[in-house]
Amino acid sequence: MKAVFFQQHGGLEVLQYGELSTPTPSMGEVLVRLRAAALNRVDLWVRNGWSGLKLSLPHIPGADGAGVIEMVGEGVTTVSEGMAVVINPNLGCGRCPECLAGQDNRCRNWHLLGETKSGTYAEYVVVPERNVLPLPESISMTEAAAAALVFQTAWHSLITRGQLKAGESVLIVGASGGVNTASIQIAKLAGATVFVVGSSPEKLELAKSLGADYLIDRSQEENWSKVVYQLTDRQGVDVVVDNVGTTFPMSFRAAKKGGRILTVGNTGGAIFEIDNRFVFGKHLSIIGSTMSNQQDFRQVMKLVFEGKLRAVVDRVYPLREAKLAQEWLESGRQNGKIVLEIGDL
Ligand code: ZN
């Protein structure tokens, strides 16, 4: 099969496009002929590598994908050949106590597709049967692939972990990334008032089109937490969605007493200082999560299928141009998801 892969960690130059052997599905697995694969920041981190990461090489990146089931392994009962599906990249083992309790994103032997297992930048991928969800005709492969990781992540963070309620106020730090554009829509659907801090008028325009109520341009308002404070009658917001990390000091200031800080990532870097006086003095909760469980995935994807939530697709590239696609992702200039289209559509 045609695939994009790397044989060693490094920059864009390590990505290759060529032939690798097509995998075959084992017991309980399905082989998906991919039509679309969406990019995520984790793809860049895996390509660059980190200490302790051990991959079997060559490695195929890519967590998100949608396609058609080409072949099913022994014992597969819920899906069949020829079905259009979207992939849930959250690979719980399905057997440990957490998986059995419906918390598969806390699995004791957890893997993310494309991170520690061969991913979706390819014509074919093998995944467990429980990791595919049949697609209705109302949604394209491109939109489905673009939605899967970011919508489940945002939903689990805001709704399941964050317990967001109608009438609450939410500040989202960042206007245009995949998780942020999903978070804006989910917060609006939940009945919240949404504040967004973005780096440019163009990115804020996107946030507005998704329903954001208050827009703050940080290129004009460096001290955005003060602006939030003023806009909320000096109260602050109930919930801050902060997936930058290094912005925690500002997020703490922008939160109301008793507020919740939700985080699913750290695009600004992993290590930073916080002033603990804000945490106890303002009764703040810092709530982390990663990906979602199966139930949340199905629930949020149903809303995507119904058109109540939509993935924002920025650019589409053919599979062989994955290097250009990753370069665009690395530039940080994208508005929404970057997708690779695979095969003859
Ligand atoms: Zn498990």
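I started at Asn40, which I found in the loop between β3 (29–38) and α1 (41–48). Helices (H or I, at least four residues) and strands (E, at least two) are DSSP runs, numbered from the N terminus. The model is predicted: local features need pLDDT of at least 70, side-chain atom pairs count only at pLDDT 80 or more, and totals for chains, interfaces and linings use all residues. Residues are numbered from 1 along each chain as its sequence is written, and side-chain values use heavy atoms, with hydrogens and water left out.

**Asn40**

Asn40 is buried, at 6% relative accessible area. Buried means under 20%, exposed over 50%, partly exposed in between (1.4 Å probe, protein chains only). Next I checked its partners.

**Zinc ion**

Which residues hold the zinc ion? I found Cys93, Cys96, Cys99 and Cys107, each through SG, at 2.3 to 2.4 Å. Donors are N, O and S atoms within 2.8 Å of the metal (3.2 Å for Na, K and Ca); water is not among the atoms, so sites may look incomplete. The angles run from 103 to 118°, so the arrangement is tetrahedral. For four donors, that label needs all angles between 85 and 135 degrees. Cys93 and Cys99 are both buried.

**Aromatic rings**

I searched the whole structure and got three aromatic pairs. Phe195 and Tyr214 are stacked, 4.6 Å centre to centre with 15° between the planes. Rings of Phe, Tyr and Trp (its six-membered ring) pair if their centres lie within 6.5 Å; planes under 30 degrees apart count as stacked, over 60 as edge-to-face and the rest as tilted. Phe195 is in strand β11 (residues 193–198) and Tyr214 in strand β12 (residues 214–217), so the pair ties together parts 19 residues apart in sequence. Phe195 is buried at 3%, whereas Tyr214 is partly exposed at 35%.

Then I took Phe248 and Phe252. Their centres are 5.6 Å apart and their planes at 50°, so this pair is tilted. They sit four residues apart in helix α7 (residues 248–254), about one helical turn. With Phe272 they form one aromatic cluster.

Methods:
Tetrahedral: all angles 85-135°; square planar, octahedral: opposite > 155°, others 65-115°.
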